[in-house]
Amino acid sequence: MAMREPILTFSRFLSANARWLGGGMLLTFFSSVGQTFFIASFAGDIRADFDLTHGGFGMIYMLATLASAATLVFIGRVADDMAVVKVAVGLILLLAASAIVMATARNVALLLISIYFLRLFGQGMMSHTAMVAMGKWFVKERGRAVSITTTGHQLGEGILPLLLVSLLAMTSWRNAWLLAAATLLLLALPLSYLWLRVPRTPSIEDRDNQESGRQWTRAEVLRDSPFWVVCTGVLAPAFIGTAVFFHQVHLGELKAWAPGVIAGSFAVMSITSVIVGLVTGQLIDRFSARLLLPFFLLPLSVGCIVLSLAVHPVSMSFFMFLLGCSYGVSNAVFGAIWPEVYGTRHLGAVRSVVSAAMVFASALGPGLTGWLIDVGIGFERQLLFMSAYCVVTMLMLFPVSRTLQRRQLPLQA
């Protein structure tokens, strides 16, 4: 009976909120079209078609992603002002158009523009909109809502890499992008409208919890020093995960692994991050995101050492397991901590800065690591420095976590 009651409670939560949770998962899943692991699956073909080096393509990717991060700061607040369904429909249409531009690009300028829009509307705004919606719609069960919604990311990372390997064996990379655009228009668009057209109305208790107490504006948050330390932690998974995904072809060549080794390991990361994320969501609802904050970087620091030093193919799956642990905890924590600490009234504006920081880190990863590869600093050596960054940042987060826990905020009432 002790185990049965939480399972029944979780099942009731899923049943009562299926359409909104499904809509959030849809946005995070189809944000994959703008995620690094998806775009990097075409890296070899793109470099060949446009005659680019690792560093050259990495620089284009970095510039496009940095521009998308800067744009996200300004447009992210639309999630505060517009209905979620309107934002979602608009983003899906724009993301499909971006995929078509990628499919038809014939010069470097159009390649850069297509990546800019893919990153802005896919990784940036679709993920941002889903998290803002969960933060505003849920309070007492926010951790569960966020952890369920973020499984869309993991499903995309677990399913799509192997699907793309099979697809590229049958058709050209340009046709694959056209198929992605068609899928967005024919599947994602109608489902998003169906599931999100009716907004969730929080309970009276939830609304009271949301609006009582201090509701930080973005300007106030930007003057809060703990915010910037937490953002330092946000950067690590985005930077490291993106760098590994972007250089997956190069990494496979370094290790002399068969093409399916890395593609198959994405499923390990996906399954791990889903399980860890769901458990973390339950823990957040019980203890708070602030308490769990410092711990998400430990598995990632160990994983970087493993991937740097090991050569056996199973080491890739072990790295993905550890990365999945960090992703599972961080996705749930960073989905819940901002409304928990700063309130929900200006959540879209506040979270747009965080989303931009994550996009910035994902931009810096491919560009910086690609340049270092070109100047002779190997990717395996770089992984050791990434591990050290994780350790230092984790030590910084412990005192910040205690500071945030001392703040008495209404969201935990």
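Modeller: Helices are DSSP runs of at least four residues, numbered from the N terminus. Please bear in mind that the model is predicted.

Colleague: In which helix is Pro161 found?

Modeller: The helix in question covers residues 151-170. Pro161 is found in this run, which carries the name helix H10.

Colleague: Is Pro161 buried or exposed?

Modeller: A residue counts as buried when its relative accessible area is under 20%. Pro161 has a relative accessible area of 4%, so Pro161 is buried.

Colleague: Which residues does Pro161 touch, not counting residues up to four places away in sequence?

Modeller: A contact requires heavy atoms within 4.5 Å. Leaving out residues up to four places away in sequence, Pro161 touches Phe37, Gly156, Ala263 and Phe266.

Colleague: How many helices and how many strands does the chain have?

Modeller: Pro161 belongs to one of the helices, H10. For the chain, the secondary structure comes to 21 helices and zero strands.

Colleague: Does the radius of gyration agree or disagree with that of a compact globule?

Modeller: For 413 residues, a compact globule would have a radius of gyration near 22 Å. The chain has 20 Å, which agrees.

Colleague: What percentage of the residues of the chain count as buried?

Modeller: The cut-off for buried is a relative accessible area under 20%. Of the 413 residues of the chain, the share that counts as buried is 58%.

Colleague: How many aromatic pairs are there, and of which kind is the pair of Phe57 and Tyr61?

Modeller: The count comes to twelve aromatic pairs. In the pair of Phe57 and Tyr61, the ring centres are 6.4 Å apart and the planes stand at 65°. Planes over 60 degrees apart count as edge-to-face. The pair of Phe57 and Tyr61 is therefore edge-to-face.

Colleague: Where do Phe57 and Tyr61 lie?

Modeller: Phe57 and Tyr61 are four residues apart, about one turn of the helix. Both are buried. The two residues lie in helix H5 (residues 54-75).

Colleague: Of which kind is the pair of Phe227 and Tyr342?

Modeller: The ring centres of Phe227 and Tyr342 are 6.2 Å apart, with the planes at 70°, so the pair is edge-to-face.
This pair links distant parts of the chain, with Phe227 in helix H14 (residues 225-246) and Tyr342 in helix H19 (residues 314-342). Phe227 is buried at 1% relative accessibility, and Tyr342 is buried at 3%. The kind of ring pair is edge-to-face.

Colleague: Which residues do ring pairs link into a cluster with Phe227 and Tyr342?

Modeller: Rings pair if their centres lie within 6.5 Å. Besides Phe227 and Tyr342, the cluster linked by ring pairs holds Trp216 and Trp228.

Colleague: How many residues apart in the chain are Asp49 and Arg174?

Modeller: Asp49 forms a salt bridge with Arg174, and their closest N and O atoms are 3.4 Å apart. The pair links helix H4 (residues 43-50), which holds Asp49, with helix H11 (residues 173-196), which holds Arg174. Asp49 is partly exposed at 46% relative accessibility, whereas Arg174 is buried at 12%.

Colleague: Which helices are linked by the pair of Lys255 and Glu380?

Modeller: The side chains of Lys255 and Glu380 meet in a salt bridge of 2.8 Å, N to O. Lys255 is buried at 7% relative accessibility, whereas Glu380 is partly exposed at 25%. The pair links distant parts of the chain, namely helix H15 (residues 248-255) and helix H21 (residues 379-406).

Notes:
Residues are numbered from 1 along each chain as its sequence is written. This is a predicted model: local features need pLDDT of at least 70, side-chain atom pairs count only at pLDDT 80 or more; totals for chains, interfaces and linings use all residues. Side-chain values use heavy atoms; hydrogens and water are left out. Buried means under 20% relative accessible area, exposed over 50%, partly exposed in between (1.4 Å probe, protein chains only). Rings of Phe, Tyr and Trp (its six-membered ring) pair if their centres lie within 6.5 Å; planes under 30 degrees apart count as stacked, over 60 as edge-to-face and the rest as tilted. A salt bridge is a side-chain nitrogen of Lys or Arg within 4 Å of a carboxyl oxygen of Asp or Glu. The radius of gyration is taken over C-alpha atoms; the globule rule is 2.2 Å times the number of residues to the power 0.38.
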